[in-house]
Amino acid sequence: MKGDNILKISVIGGGYVGLVTASCFAELGHTVRIIEIDNKKADLINAGKPPIYEDKLKGILHKAAGRNLSAQSHYDGIEDSEIIFICVGTPPQDDGSADLRYISSAADSIGTALSKSDQYHVITVKSTVPPGTTESVVQPTVLKSFGHHSSSLGFCMNPEFLREGRAIDDFMHPDRIVIGGDSQNAIDVAQKAYERLEAPIITTSLKAAEMIKYTSNAFLATKISFSNEIGNICKKIGIDVYDVMKGVGYDHRINPYFLNAGLGFGGSCFPKDVMALIRLAEKSGEDPVLLKSVIDVNEHQPGRIIQVLSRRIGDMKGKKIAVLGLAFKDNTDDIRDSRAIPVIEELLQTGATISAYDPMATETMKQVFPDLMYHSNAGDALDGADACLVLTEWPEFSDLKDEFNRMKNQVIIEGRKILSCSGIEGVCW
Ligand SMILES: NC(=O)c1ccc[n+]([C@@H]2O[C@H](COP(=O)([O-])OP(=O)(O)OC[C@H]3O[C@@H](n4cnc5c(N)ncnc54)[C@H](O)[C@@H]3O)[C@@H](O)[C@H]2O)c1
């Protein structure tokens with residue numbers, strides 16, 4: 001590994017981004033302290049047990065916990081850190097704009113904790129925040145509680161591009177690292193944290209770094225909604241959209257990624273970030289017609305799988321529908337904004353009974369729908385079912401074959417193109 005700058009780092013928030021960031025920085029050799037207000041999560045992290053499921057995380061956390069990584073629920077001791085990464089959540093408010101209360105609270109606690117220090121510290125926002133937030137919320141809040149010589153603090157914005165389910169690989173092998181800063185000194189410290197990674201570093205203003213993150217997510221969401229719209233047209237005129245997108249994706253100006261038509265995007269980022277960008281545009285006097293359509297197409301895709309189901313089996317009242325896949329994507333237990341949620345809600349309204357299976361997300365989905373019939377394997381969920389809907393692209397679903405023989409009627413509809421057996425209908429193929 002190149003680079004020998006070992007830093008003392010604090011990471012505020014031990015959720016998906018904070019825990020992955022902290023564990024990877026520890027793997028890169030830095031000494032890392034996680035501040036996580038939830039005591040239970042902090043205890044689990046100290047015991048080397050990730051509170052969330054993320055591929056490869058357990059291994060690197062287990063190696064680092066108690067060695068060069070520790071977690072605590074208070075801010076004492078962060079004055080040791082050369083750099084502090086803010087990784088708290090920025091959930092949507094009722095109107096879709098970003099809720100910055102966790103950011104403000106973290107900034108206030110950081111300022112108070114650093115007020116006893118006379119070292120230089122760099123406070124770096126990694127959470128996804130609307131352009132202007134680091135300058136107009138984080139910086140003034142930290143400085144207010146810090147209370148003295150502002151020249152001993154630097155500020156950066158370093159957006160995170162990791163994908164859940166592949167987060168460790170994404171962190172360790174990023175396409176690029178974006179660092180916006182209020183000074184070259186601050187940017188230099190942030191760059192040192194990443195010195196051991198091979199990736200282009202783009203340095204920019206604080207606001208541009210914030211906008212890069214929103215723009216990346218909005219563009220990827222646009223590709224998905226675009227593919228879904230083409231898929232919906234293709235289905236009407238009897239063309240397989242996957243044949244079409246294969247031919248389209250070979251064009252290097254387009255590339256083959258994020259062209260998979262299906263149920264649309266979910267998760268904790270795309271829906272909330274596109275909505276936050278729409279609200280930001282509106283507040284600045286712009287009407288973001290394209291972004292609004294991206295959300296509109298996405299909202300309608302789950303209803304389309306119900307329409308296909310209804311055409312195939314008629315009245316759903318009292319029918320048993322097997323739902324395979326609850327997580328918003330494969331390889332995670334995260335169900336935030338999962339497309340399975342609106343599909344299940346619509347099914348319940350029709351009076352259908354639901355027999356559900358997910359390799360990882362059953363426990364989290366039980367918190368939303370406690371009364372579904374949950375199973376520990378796909379075969380049991382399919383037993384006696386009148387129809388099956390596949391809602392998440394778990395690789396293990398592509399091996400399903402004989403399990404479908406346990407259904408009462410073999411009506412199988414995919415919301416994600418993952419099955420390999422015959423007789424399948426897709427939501428838009
Ligand atoms: N999840 C992703 O795939 C992803 C990817 C890129 C960027 N992001 C962005 O990163 C940010 C964090 O997302 P996440 O998915 O990790 O959220 P999360 O909800 O999983 O984690 C946030 C954590 O911060 C803790 N917390 C809240 N306030 C705190 C405080 N004042 N001090 C200490 N801890 C506090 C919470 O208890 C929680 O564990 C968001 O802005 C999100 O948009 C997320």
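A residue is called buried when its relative accessible area is under 20%, exposed when that area is over 50%, and partly exposed in between, with a 1.4 Å probe and protein chains only. By this criterion, buried residues make up 55% of the 429 residues in the chain. The model is predicted, so local features need pLDDT of at least 70 and side-chain atom pairs count only at pLDDT 80 or more, while totals for chains, interfaces and linings use all residues. Residues are numbered from 1 along each chain as its sequence is written, and side-chain values use heavy atoms, with hydrogens and water left out.

The chain contains 14 helices and 14 strands, which are DSSP runs (H or I, at least four residues, for helices; E, at least two, for strands) numbered from the N terminus. Its C-alpha atoms fill a box of roughly 70 × 50 × 40 Å along the principal axes. Among contacts (heavy atoms within 4.5 Å) between residues at least 6 apart in sequence, 73% join residues at least 24 apart.

Polar contacts are pairs of N or O atoms within 3.5 Å. A polar side-chain atom of Thr-90 lies 2.6 Å from an oxygen atom of the ligand. Nitrogen atoms of the ligand lie 2.7 Å from a side-chain N or O atom of Tyr-75 and 2.8 Å from a polar side-chain atom of Glu-164.

Definitions and conventions. Polar contact = N/O pair within 3.5 Å; in protein donor to acceptor, adjacent residues only side chain to side chain.
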